[in-house]
Amino acid sequence: MKKDYNVDLFDPRTIMDSELSPAGVVGGSVSDSDFAFAFNDSNFSDRLLKIEIVADLPESKGDGEGCNSIADWARNRKRRREEIKKENAVDVLVHREEQILNCNMPDTEDGVAYENQDEEAVAMIEESPPGLGMNLSEHGDEAGHSSDPSWGMDCSTVLRVKTLHISSPILAAKSPFFYKLFSNGMRESEQRHVTLRIHASEEAALMDLLNFMYSNTLPTTTPTSLLDVLMAADKFEVASCMRYCSRMLRNLPMTCESALLYLDLPSSVLMAEAVQPLTDAAKQFLAARYKDVTKFQEEVLNLPLAGIEAVLSSDDLQVASEDAVYDFVLKWARIHHPRLEDRREILGSRLGCLIRFPYMTCRKLKKVLTCNDFDSELASKVVLEALFFKAEAPYRQRSLAAEEANASYRRFVERAYKYRPVKVVEFELPRQQCVVYLDLKREECSNLFPAGRVYSQAFHLGGQGFFLSAHCNMDQQSSFHCFGLFLGMQEKGSVTFAVDYEFAARSKPTEEYMSKYKGNYTFTGGKAVGYRNLFSTAWTAFMADDSHYFINGILHLRAELTIRQ
């Protein structure tokens, strides 16, 4: 079987075959070896690396140059990315005695990296007359000289040249880019001189990167410098350095500014496995920072797309209900994408999948079907899926949620809603009646102690809105804490409404619903009625491991409401 040697052989994550391991190393890894003594030392080198440093684009400076903060770095990188797109991705010049690689690569947003340096392109160049300069397109085809004004003297004049003694085995083992460069089988791979052409703003990062490839460490610890080296490591495919920079950045204090920047790195960087822990940490930071969306509503509305995706992906989002998430997503989309076509595109491709439609109320789902912001086909699909989920048996719903435990988009996983979802069965005859099911997790009940409460989503009977609320409160004599359940009416004012009600809960060993409290009440706006000690037991007994009321960690409550004649 053919072995793939185009890997970072010194990367700690690389599993090495015994034939690739250095002689005499038993139970160790060459990734721990320190070759700093050999850096730029002719005694341990087999080639000369010439680094031709050319001027930056007009009015442009390096991402990290003159940057005192992450914000400065982000602004510089964005400006530089826009300007450098005017250049061709790669400019390869081949001379009789040396190979010159222009490595002024843009911060690619489409994932294109150095795989464009293919062997066919090099073969074409070898047949060209000596001294002829040739530009290559992103796919390695001949493109001719660009007529873009950015190809002026300001961008091509060599300011200075650095010459280093390098060891091709060390660089090739660290980087697939250098591996291919030194082992492509062409005449150029056997030459003693290799020249890289870079912008002046990239010089410090490249020197740090080359040092890392020998020593496995970096002298810099500032976030802006680490980001510069990370970008260079991405261009030259040095996975171990990307992982090192990612770890160092992850260990620095995270801010909203830095988290958003990490999520806005070029796609080639974001897709790298080595950087995944950093982006995951950034997402977790934003999700925790903006857990209470209501409290930070204006800030969250101003977040860019990557930030809003991180926040809405969280299971711990503290929102009233998924209806509120839906309304919030529409508000954000309308602010950031005023054009309907753009809004439909972003909702269909990026944000719609973050709304957990199965946990929206049926009233809100009806509005989704008539919402002009969503493509009608997509709206029908998500509403139908939500209704099917609501109709599933509880064990099947739990199974669907478990299947998505490690998925990127968790449609069937319930969030920590402030207003807990309920299931409602309505009857019109012989009397107007509804049966409401409310499930609470053991952790949710535990968090109610000593004086907390949790509310259900609203449900309707006879045109009036009602809700359930579960409390941890003192019993009638204020002698101990206990679990209470109450029924309230939303509407305030002079409205009166007579209702018969019954509370029930599943209990062991039968696991059937057992009636706990019956009553009747004439509601006036904003009033609530219920029972302070639903289970006639103290809080400690109710929450005990051998409690009769938690079945697989879930407390199952039921309320029946009937309009009195």
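Predicted model: local features only at pLDDT ≥ 70, side-chain atom pairs only at ≥ 80, totals over all residues.
Here is a walk through the structure, from its cysteines to its aromatic rings, a pocket and a helix beside that pocket.

Residues are numbered from 1 along each chain as its sequence is written, and side-chain values use heavy atoms, with hydrogens and water left out.

Let's start with the cysteines. A disulfide is a covalent bond between the sulfur atoms of two cysteines. Here the term stands for a pair of cysteine sulfur atoms within 2.5 Å, and a search of the whole structure finds 0 of them. For C241, the nearest cysteine sulfur belongs to C245 and is 4.1 Å away. C241 sits in helix 8; helices here are DSSP runs of H or I with at least four residues, numbered from the N terminus. With 0% relative accessibility, C241 counts as buried, a word that means under 20% relative accessible area with a 1.4 Å probe and protein chains only. Another cysteine, C256, is buried as well, at 19%.

What surrounds C241? Setting aside neighbours within four places in sequence, C241 is in contact (heavy atoms within 4.5 Å) with L209, F212, L218, V229 and A233. C241 and A274 are 33 residues apart in sequence, with 8.7 Å between their C-alpha atoms.

Rings of Phe, Tyr and Trp (its six-membered ring) pair if their centres lie within 6.5 Å, and a pair is stacked if the planes are under 30 degrees apart. The structure holds 31 aromatic pairs. One of them is the stacked pair of F178 and F236, at 5.9 Å centre to centre and 10° between the planes. F178 lies in helix 5 (residues 176-182) and F236 in the loop between helix 7 (223-235) and helix 8 (239-251), so the pair ties together parts that are 58 residues apart in sequence. Both F178 and F236 are buried, F236 at 4% relative accessibility.

F459 is buried at 3% relative accessible area, and F466 is buried at 0%. There is also one aromatic cluster formed by F449, F483, F535, W539, F542, Y549 and F550.

Now to the second largest pocket. On a 1 Å grid over the protein atoms alone, a pocket is an open set of points where a 1.4 Å probe fits, with protein on both sides within 12 Å along at least five of seven lines; lining residues have an atom within 4 Å of a point. This pocket is lined by 22 residues, with D280, K283, E309, A310 and S313 nearest its centre. Helix 11 (276-289) and helix 13 (305-312) each supply at least two lining residues, and helix 11 gives the largest share, 6 residues.

Helix 13 is largely enclosed by the rest of the structure, because 7 of its 8 residues are buried: L305, G307, I308, E309, A310, V311 and L312. These buried residues pack against helix 9 (256-263), helix 11, helix 12 (297-301), helix 14 (322-336) and helix 15 (340-351).

Conventions
Buried < 20%, exposed > 50% of the residue type's maximum accessible area, 1.4 Å probe, protein only. Phe/Tyr/Trp six-rings, centres within 6.5 Å; stacked < 30°, edge-to-face > 60°.
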